[in-house]
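Reader: I am new to this structure and would like to know what the terms used for it rest on. Please set each value against its definition.

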Amino acid sequence: MRIWVDADACPKVIKEILFRAADRLQIQTTLVANKLLYCPPSQFIRALQVPAGFDVADNKIVQLCETGDLVITADIPLAAEVIAKGGHVLDPRGEFYTRDTIRERLSMRNFMDTLRSSGVETGGPPSLSQSDRQAFANQLDRFLAKND
């Protein structure tokens, strides 16, 4: 199993949690982004820079991930593709997406897109809280312990 991180929008604190887990459990972890990213010196952590462009990093993650891999992303369409491919998806707030929940998330995302395109101000997600960070760390630990 490998961990793939949709790293362009992934909060720094979440990446730090992932770096510690990758080294502690010796799990190959790859940050995929269209900009150069910091990676600590580790044989288990690497950054993969892809060309700039709409969904280029997402498409690379879908191409490279395999059944059983874990993808860290808040991007709902990317999550849906990874799940369809047999991967697991954890968002930075500690929520696992499943085949059942991703359909609902896609519907809500599409609805919100429609609202935004018609001029309705929908606002963005709230800032990542300490409880979000803790939920992410706990879910990641549980998942990795089951798949060890």
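Author: What follows takes the chain as a whole, then its sheet, its cores and some single residues.

Reader: How do you know what the numbers refer to, and where do they come from?

Author: Residues are numbered from 1 along each chain as its sequence is written. This is a predicted model, in which local features need pLDDT of at least 70, side-chain atom pairs count only at pLDDT 80 or more, and totals for chains, interfaces and linings use all residues; side-chain values use heavy atoms, with hydrogens and water left out.

Reader: What makes a stretch of the protein chain a helix or a strand, and how many are there?

Author: Helices are DSSP runs of H or I with at least four residues, strands are runs of E with at least two, and both are numbered from the N terminus. The protein chain has 5 helices and 6 strands. Their order from the N terminus is β-α-β-β-α-β-α-β-β-α-α.

Reader: In what order do the strands stand, and why are β3 and β6 called edges?

Author: The 6 strands make an open sheet with mixed pairing, in the order β3-β2-β1-β4-β5-β6. β3 (45-49) and β6 (96-97) each have a single partner strand, so one side of each has no neighbour in the sheet. In general, strands of a sheet pair through backbone hydrogen bonds, either parallel or antiparallel.

Reader: Why is T73 called buried?

Author: Buried means under 20% relative accessible area, exposed means over 50%, and partly exposed is in between (1.4 Å probe, protein chains only). T73 has 1% relative accessibility and therefore counts as buried. T73 sits in the loop between β4 (70-72) and α3 (76-84). Of the 148 residues of the protein chain, 38% count as buried.

Reader: Which residues does T73 contact, and what makes something a contact?

Author: Contact means heavy atoms within 4.5 Å. With neighbours within four places in sequence left aside, T73 contacts D6, L78, A79, V89, L90, D91, P92 and Y97.

Reader: What about D132: buried or exposed?

Author: D132, in helix α5, has a relative accessible area of 16% and is therefore buried. Not counting residues up to four places away in sequence, D132 touches P92, R93 and S127.

Reader: What makes the approach of D132 to S129 a polar contact?

Author: A polar contact is a pair of N or O atoms within 3.5 Å; within protein, one must be able to donate a hydrogen and the other to accept it, and residues adjacent in sequence count only if both atoms are side-chain atoms. A polar atom of the T73 side chain lies 2.9 Å from the backbone nitrogen of D75.

Reader: What makes a set of residues a nonpolar core, and which residues have the most contacts inside the largest one?

Author: A nonpolar core is a set of buried Ala, Val, Leu, Ile, Met, Phe, Trp, Tyr and Cys residues joined through side-chain atoms within 4.5 Å. The largest has 25 residues, and those with the most contacts inside it are I3, V5, I14, L18, I72, F136 and L140. At least two residues each come from β1 (3-6), α1 (12-25), β2 (29-33), β4 and α5 (130-146). α1 gives the most, with 6 residues. Apart from this core lies another of 18 residues, including W4, V62, C65 and I76.

Reader: Why are the buried residues of α2 said to line one face?

Author: In helix α2 (residues 56-64), the buried residues are A57, D58, I61 and V62. Seen down the axis of α2, they fall within an arc of 135° (taken from the directions from the helix axis to the C-beta atoms), so they line one face of the helix. These buried residues pack against β1, β2, β4 and α3.

Technical notes: Two strands pair if DSSP finds at least two bridges between them.
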